[in-house]
Amino acid sequence: MMAEAADGDDSYSKSTGPNVQDDSNIRIESSETARLFRSLWSNITDDNALTLYGFRRFRTTHLLNLRLLETEIDKLDHQVYQAGLSLGLPTTSGDKLGLKHSKRDRHAPSPEAVLNPQLVSKLRQLLKEYDEGLVSFNQIMMMETFALADNSWQASLRSDNQNPYEMYKTRLVRVDTVSRSRSGDLLRRSLRKYLRAFWFFIRFRGQHAYQKRSAYFSPTELESNLKRSYQNTSRLADIITRFLIALIAGAFLVTPLAILSHQSTVIAHLVTISVCIVLFSLLVSLLTRASNEETMVASAAYAAVLSVFFSNNSGS
């Protein structure tokens with residue numbers, strides 16, 4: 001009887017052991033999820049767009065994944081090409097692939113040894129992941145970016161304790177804005193670069209004060225007392241760019257008019273107008289993302305305006 005009871009206790013403990021372990025794992029996962037929820041709640045309910053719509057793009061990790069897929073596909077591609085070269089078929093007259101000069105392995109496999117259902121299925125899956133990864137990565141790289149240092153409050157709450165330079169170099173993408181294909185001109189990019197460098201200098205200067213403050217307060221107290229500061233570098237650069245473009249456009253209209261009014265010879269007028277048109281065309285093509293057609297249209301319109309100035313001065 002006692003042996004039977006002991007066997008029953010052992011069987012009960014064995015049957016309940018995995019369940020207890022599973023319940024413990026579930027409680028640990030729930031606690032971790034709740035902790036993440038507390039730390040992320042302030043991010044998904046913040047009033048600033050940089051916090052709400054700024055996400056890491058993991059550029060290096062994306063590139064690593066694409067390179068690994070590329071390496072796997074390259075091995076299969078080599079096998080397919082060698083199987084095709086082993087057929088010994090004559091090349092076409094154009095030979096666009098350059099098969100006539102392709103190097104053939106000494107022991108090139110036959111198509112029967114290479115093209116099996118397993119290889120075809122693996123090749124299709126790899127190509128699908130590779131193509132989708134390329135398209136997705138291209139879309140991510142076209143998104144508007146900003147530095148982590150632009151959002152000093154969110155940067156201060158990160159768990160990896162980045163230094164100011166790492167915050168300055170870390171890029172996040174904005175998912176609520178249009179792509180930067182038409183907004184990434186040279187002037188805007190330069191302004192954003194220097195503004196980010198300026199915020200980095202400010203951040204680096206205030207790092208020591210932050211470290212002293214964090215040494216005396218708990219993370220919860222530090223988060224509640226931390227001043228939320230944001231530097232929307234993109235918007236500020238856009239405003240400054242518009243202002244500078246307006247000044248440049250006005251200067252290109254007023255300056256030739258002032259010069260022509262003090263010139264009396266036709267040759268001097270023609271030289272002034274020619275120089276202004278060339279400089280205007282160069283600035284439009286370099287400082288903006290205008291297409292070739294748009295640059296020609298803008299230059300023609302500007303030349304027409306200067307021709308009116310020239311005709312008025314000639315008539316007077």
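Accessible areas here come from the Shrake-Rupley method with a 1.4 Å probe, and for residues only the protein chains shown count as cover. This is a predicted model, where local features need pLDDT of at least 70 and side-chain atom pairs count only at pLDDT 80 or more, while totals for chains, interfaces and linings use all residues. Residues are numbered from 1 along each chain as its sequence is written, and side-chain values use heavy atoms, with hydrogens and water left out.

Me: What share of the accessible surface belongs to carbon and sulfur atoms?
Reply: Start with the total for the chain, which is about 22,000 Å². The part belonging to carbon and sulfur atoms is 61%.

Me: Is Q82 buried or exposed?
Reply: Q82 sits in helix α3, residues 59–85 (helices are DSSP runs of H or I, at least four residues, and strands runs of E, at least two, numbered from the N terminus). Buried means under 20% relative accessible area, exposed over 50%, and partly exposed in between, using a 1.4 Å probe and protein chains only. Q82 has a relative accessible area of 3%, so Q82 is buried.

Me: Which residues is Q82 in contact with, leaving aside neighbours within four places in sequence?
Reply: Contact means heavy atoms within 4.5 Å. With those neighbours set aside, the partners of Q82 are K103, R104, D105, A108 and P109.

Me: How much of residues 239–260 is helix?
Reply: UniProt, in an unreviewed entry, lists this span as "transmembrane region"; such annotations may be inferred rather than shown by experiment. The end C-alpha atoms of residues 239–260 lie 32 Å apart.
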